Amino acid sequence: MADGTRWLVIGGGSKAGIYRACPIFPCGRSTPPLPIAIECESETEARQLHRIFQQTLKSLPPEPSPSDILTAFQHSEMVRHFFPDGSRDFYAVAIGAPAAATHRTGAERSKGSFTHYSYRHTQSFWEALAFMIVKGQDTRMPPLLTSAELTQDDSGGAGSLEEAFCRNLHLRSPSPTLTTTTTPTRSSRSSPLHDQQHDNPISRRHAPEAFPTSSPASSSSSMPIVYIHVRNLSGVISSHHHIKQPSPEDRAQARRLGEAGSRYVLAHGYSSSAIATIVEIYRRNASTEPFALQLAALGMALAEATYLGDLIYV
């Protein structure tokens, strides 16, 4: 592991913090569930993870039980999926020296002289975290997927959402063969809207006339509405008139901005490269002002960048 490795300790009062080397804590099934040490690849990553844990730890009682902690963490999507499943190996040493969630393949060497040594190799951060909290007792492990999540997976997904989207707005699904275009007027030839439609075939296919001749009542049933705009840092670059879900990669990247920041950039349709840029600038700064100014220099409106920063740096 590189020299930049840091250890984040969560819980445990004064023991909490970021360390260069993994601290040693008493371990065993009779010890409290916190503190827990987590290996991070850099101090920046440790700080980001600390911010996410702090939001959840504040809701816990002074001396939380393992059940209290598991319930709180299980209800935090940001905690459970900070490291997307399959993106990293975790060796959760529940009883050993040191007792920690580590990436090191030599975690079995922490066995030492422990009679009831316990560790688990997994690619799920949530499973590793839960294993540490319950001190390696399989019978006390929470489900990897809750019944609510399984129900959501079986509910029909994007197809049923699209049907509800069109039904609730009393709209027809746009025809896949719709290719009607309009002849631009002198003013629309040089307008940003015309440039956007010319460069983007999706936008051109579904764009309404610049000066509609039909009444609003007659056009409302045939003119598709926008489900989501796709943006770069400077603004809208295309539009989708159908349900368009973010990719798993975009979701994983956006989660690094915290729950509110993640929801904002995904709901506003920021492209993969734009999200990556926002995350990188977030990592380099510790407050809203420099974050917003650097995004504004790349094209984002300063007012929007400031608002986004306020959502992230809570």
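Buried means under 20% relative accessible area. The model used in these exercises is predicted.

**Exercise 1. Cysteines**

Decide whether cysteine 22 and cysteine 27 are buried or exposed, and state how many disulfides the structure holds.

Solution. 
- Take cysteine 22 first. Its relative accessibility is 17%, so it counts as buried.
- Turn to cysteine 27. Its relative accessible area is 19%, so this residue is buried too.
- Now count the bonds. A disulfide is a covalent bond between the sulfur atoms of two cysteines. The structure holds 0 disulfides.

**Exercise 2. Helix 4**

Work out why helix 4 (residues 125-133) is described as largely enclosed by the rest of the structure, and identify what follows it.

Solution. 
- Check each residue of the helix. Phe125, Trp126, Glu127, Ala128 and Leu129 are among the buried ones. Ala130, Phe131, Met132 and Ile133 are buried as well.
- Draw the conclusion. Because 9 of the 9 residues are buried, the rest of the structure largely encloses helix 4.
- Lysine 135 follows helix 4, and its phi is positive, near 60 degrees.

**Exercise 3. Strands 7 and 8**

Describe how strand 7 (residues 228-232) and strand 8 (residues 235-240) are joined.

Solution. 
- Find the direction. The two strands run antiparallel, with 5 bridges between them.
- Histidine 240 in strand 8 lies opposite isoleucine 228.
- A hairpin is formed, with 2 residues between strand 7 and strand 8.

**Exercise 4. Confidence**

Report the average pLDDT of the chain, then examine residues 170-220.

Solution. 
- Start with the chain. The average is 76, and 70% of the residues score at least 70.
- Next, the stretch. Residues 170-220 have a pLDDT below 50. Beyond near neighbours in sequence, this stretch has 42 contacts in the model.

Conventions:
Residues are numbered from 1 along each chain as its sequence is written. This is a predicted model: local features need pLDDT of at least 70, side-chain atom pairs count only at pLDDT 80 or more; totals for chains, interfaces and linings use all residues. Side-chain values use heavy atoms; hydrogens and water are left out. Buried means under 20% relative accessible area, exposed over 50%, partly exposed in between (1.4 Å probe, protein chains only). Helices (H or I, at least four residues) and strands (E, at least two) are DSSP runs, numbered from the N terminus. A disulfide is a pair of cysteine sulfur atoms within 2.5 Å. Two strands pair if DSSP finds at least two bridges between them. pLDDT is the predictor's confidence in each residue, from 0 to 100. Contact means heavy atoms within 4.5 Å.
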